Structure formats: C-alpha cells, structure tokens
Amino acid sequence: MNAFLVAFLVYLVDPSGSNRLLVASVAVAGAVFSLGNAAYYLAYFGTTSDAQAALLFGDQLVVDQMSLLFMAIAASVTALVALASYDYLEGHAYQAEYYALVLLAATGMSLMAAANSLATVFVAMELASLPSFALVAFLKKNRGSVEAGLKYFLIGALSSSFFAYGISLVYATTGSLQLEAVASALSGGTEFVGMLGIGMLMLVGGFAYKTASVPFHFWAPEAYEGAPAPISAFISSASKAAGFVIAFRVFTVAFTPAGLFASLGIDWVLVFQILAVVTMTLGNFAAATQENVKRMLAYSSIGHAGYVLIGLASLGGVASQGDTVLGASMMHLFVYGFMNTGAFLFIALVEYWGVGRTFEDYAGLGRKAPVACAAMTVFLFSLAGLPVGAGFLSKYVLFFGAVSAGFWWLAAVGAINSALSLYYYTRVVKAMWVEEPNGELELQGRPTGLYAAVVAAAVVTVLLLPGFFPIAETAIEAANAVLPNAGDTTTAFFG
C-alpha cells in the first residue's frame, strides 16, 4: 500500500517527468520507507512473544512474518532499482510513468506476499504482472525491448488463463477460495480427486511461470535480455520472490498435509521435486553455454529458482525439519535479492558505458572500473556459493535442510549444479581481471546513482555473511508459523 501511494505521489509531483532527480528521489524514498516499515514489524514479531498475525478484509490478506519478510525483499530491490534507474534513464522520456509502474508492480508483489485467498493471489499477480509487461518494453525504439515485452505479455496472458482455470477447479471441489477454508474442506478427502488434481497442476503451472521455473521458463531469457537492465534486475529478483511466497503459502496452508494428498494420488511434493531437479539442472547447463553475459545471468536466475524449489520439494520428509528447509528457501531469496539485483545493475552500468554484452567485451574492465568490478566479483562468487557473501550460508542451510528432511539426493543435485555454476561465473571474473581488452576501452563518466546502487548491494551481500543469523531466525520462524506440526524453531542446524 505504501508503494501504491508513492507511485501516485510520483505521478502527482511531476507528471511530465522533467525533474528526473525529484521523481527518482520520491521513488527511492518511498521504497526505503516501505522497507523500514516491514523491518519495524518484523522486529516487533521477533521481540514480542504473543504477537499474532493480522487478518484483514475478511481474511483475504494476512500480515505475518512471511509476508513482511517478502515485503522487505520487494522494497529492497525496488529501492536499488529506482536508484540505479536515475542514471540509466538519462535522455529517455516518460520517466514519471516509469517510476510509477515500478512502484505499482512492487505494490502487487507486496500484496502477493500477504494474499490469503486464491482470488487475492490472482488479483495481486495481475497487479504485479501488468506494469512489468510495460516496463520490459519501455525502450520503445529498441526492437529487442519491444519484442521481449510482447513475448512476456503473451506468455503471461496464457499463464494467467491456466492459473485462473486452476482456481475455478479448486473452488468447484472445495466451495471456497480462502486458503484455510480450502484446507478445512479437503481435510477429510474429496470425491472429486481428478478435478482437484488438474486444478492443483494448473496452479503449479502459474507459479512456475511467475518464478521462471521449467517448463514455464522460456520467456525469462528473452525478457531479461531485451528489458532495460534495471528492470531485468527487478523482475528476476523481486518478482521471482513474490512468485515463491504465494507458492509457499498456498501449498503449506491450503494443500496440507502433503501425506494426505499423496494418499489421494495427488503427490504435489513429487511434482516440486521433479521441477527442482529439472529447473536447476537446465538453468545451469544453459547458462554454461552462453556468450552473452546478460543472457547467462538470465539462465542463472532459472537455476536459482531450482534451488529455492528444494524448500517445497523437501516437505514430504521429516516433518520436524520442514521449517528449516522452507525457511532456508526464504533466506536464499532474501540474499538473492541483493546479489542478483547487484549483478544485473552492474550490467546496467556496463550498458550505460556502451560496453558490449559478451564475455570478450568485459576483458580488462577491472582496470578501468575496479570498484564496480570488485562488487560484481562479490555478486558472482556469492551466487556460486563461495564464502565471500551470504549466498554461501543460504545455500549451505538449504542443502543441510534437505538432507535433514531425508532428501539427501536433492542436496547432492544442488551441490553439483552449484559447482557447475562456478565455471560460468568465473568466466566473467576472468575476463574483467585477467584478460586483455581487444582494443582501447574508454568508459564515459561515473554515473552516481548506478555506482551507489551497485556498491550498496555489494556491501549488504558481504555484511549479511556475518549478520546471517537474524535473517535465518526470522525466516525459520516465518516457516514455522505456516507449517503444521513443524515443531519449534530450534533446529539441528541452529542448535
């Protein structure tokens, strides 16, 4: 809601967008305020033993630790993207509309985090998606941007129709759209098993599209490559996190316990296990074959969706470890929000300088822009899971949680894919720091906003390594609140 009000304010204070500094400042300030608001209430939940989730609008929205954590992710990414866009959009028209669309999309993502009904989930998804389509195609004179926006829109429309039909089938089976009511209606089983199974499968398809998971991933490389680089950062980080939070809430609240549905022949845990393995493997192998750095990051983002899916894929194992592995997925998304956003914003910085997009074009860049390249090195190594940033700990806890839940093979597949990712991430680092440029490399200017966003993301990525425990504790408590029979928040990992 804060983001929506700020979007309105952006368009109100300067509808023409002529004062670039003003509209960018209002957008950044609004996102930072939303982040502070989420952080305040997260601290309240963490320090108040009797704090209860707030149910709003007839239980259609819920404000709890999980929703607040994902609102914080959306606000953080929005702030970084708005800050970086100040320089990236220099010379472009419709800047007030651009920031308003970013904030409207962020509003939809925040509503997705709080959605407690399938109807609210659908409306929130559309509120996040429609501005995103326009943002991907924002560079109207760039054929790649317009084409990417059209593909994103067409696939999004198809996905929405699948998702809406899935909702209708679940409603036909249970007579309700509110998540707890759906769970209550299904607690004793149902005679409409086939209808329910098809409906749930369609819901999985909608979630897979929103998170760029296989087989609904094919829009992502095109959209990320064609979109303005700050928007690539936005939809690959904030939008992906929003897609996962609704998947977490729907399947842990409405379709639980997993064993009951497996006995009916609807083993959704098995579906997510298959999705996790195929998504992380295809994403990493495809990334390893790319020569375009931006496209490589797009496929890398698909691979990370596979890692996060381990959180849902491990819920059919040891019940007491469910909060650990689901919380680990939330931790990884939180850290990923900074390191992936930072990596794409570095691409935005390189595009601002007019440097090409291939690995060869990055040769010698470290000598011309050492601070920015050092930040990119942190992002890439943290994405790979090396102990230079919090990506190391988030992956470690995620794989540990999978093993503790009894799915060691999921952790093994994840570890193998992480090792593979080190190959293509290192190619970028090698090009920047070791290889010689093919010709004279001239960088025009030092864009303050882009530099500040890249450095800020790098600093947070590094600081989250020693400061990981509060995020981990919050994520596990959030998972514990939505999982039945998850035990307490004391896990084998945290003692």
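Thr78 touches Ala31, Val102, Leu103, Ala106 and Phe234, leaving aside residues up to four places away in sequence. The model is predicted. In it, Thr78 sits in helix α3 and is buried, with a relative accessible area of 2%. The protein as a whole has 20 helices and two strands. Its radius of gyration is 21 Å, close to the 23 Å that the globule rule gives for 495 residues, so the protein is as compact as a globular protein of that length.

**Helix α3: Thr78 and Ala79**

- Helix α3 covers residues 65-88 and includes Ala79; Thr78 is found in helix α3 as well.
- Ala79 has a relative accessible area of 12%, which is under the 20% cut-off for a buried residue, so Ala79 counts as buried.
- The contacts of Ala79, not counting residues up to four places away in sequence, are Val28, Ala31 and Val32.

**Separations in sequence and space**

- Between Thr78 and Leu386 there are 308 residues in sequence and 26 Å in space, C-alpha to C-alpha.
- For Ala79 and Val245, the separation is 166 residues in sequence and 20 Å in space, again C-alpha to C-alpha.
- Of the contacts in the protein between residues at least 6 apart in sequence, 79% join residues at least 24 apart.

**Nonpolar core**

- The largest nonpolar core holds 180 residues, and within it Phe255 and Trp268 touch the most other members.
- Helix α14, residues 322-353, gives the most to this core, with 20 residues.
- Trp268 touches Met200, Phe251, Phe255, Ala258, Phe261, Leu312 and Leu315, when residues up to four places away in sequence are not counted.

- The C-alpha trace spans about 70 × 50 × 45 Å along the principal axes of the protein.
- Buried residues account for 61% of the 495 residues.
- The protein exposes about 17700 Å², and 66% of this area is supplied by carbon and sulfur atoms.

Note on methods. Residues numbered from 1 in each chain as written. Predicted model: local features only at pLDDT ≥ 70, side-chain atom pairs only at ≥ 80, totals over all residues. Heavy atoms only, no water. Helix = DSSP H or I, 4+ residues; strand = E, 2+ residues; numbered from the N terminus. Rg over C-alpha atoms; globule rule 2.2 N^0.38 Å. Buried < 20%, exposed > 50% of the residue type's maximum accessible area, 1.4 Å probe, protein only. Contact = heavy atoms within 4.5 Å. Areas by Shrake-Rupley, 256 points an atom, 1.4 Å probe, with all protein chains shown as cover. Core = buried A, V, L, I, M, F, W, Y, C linked by side-chain atoms within 4.5 Å.
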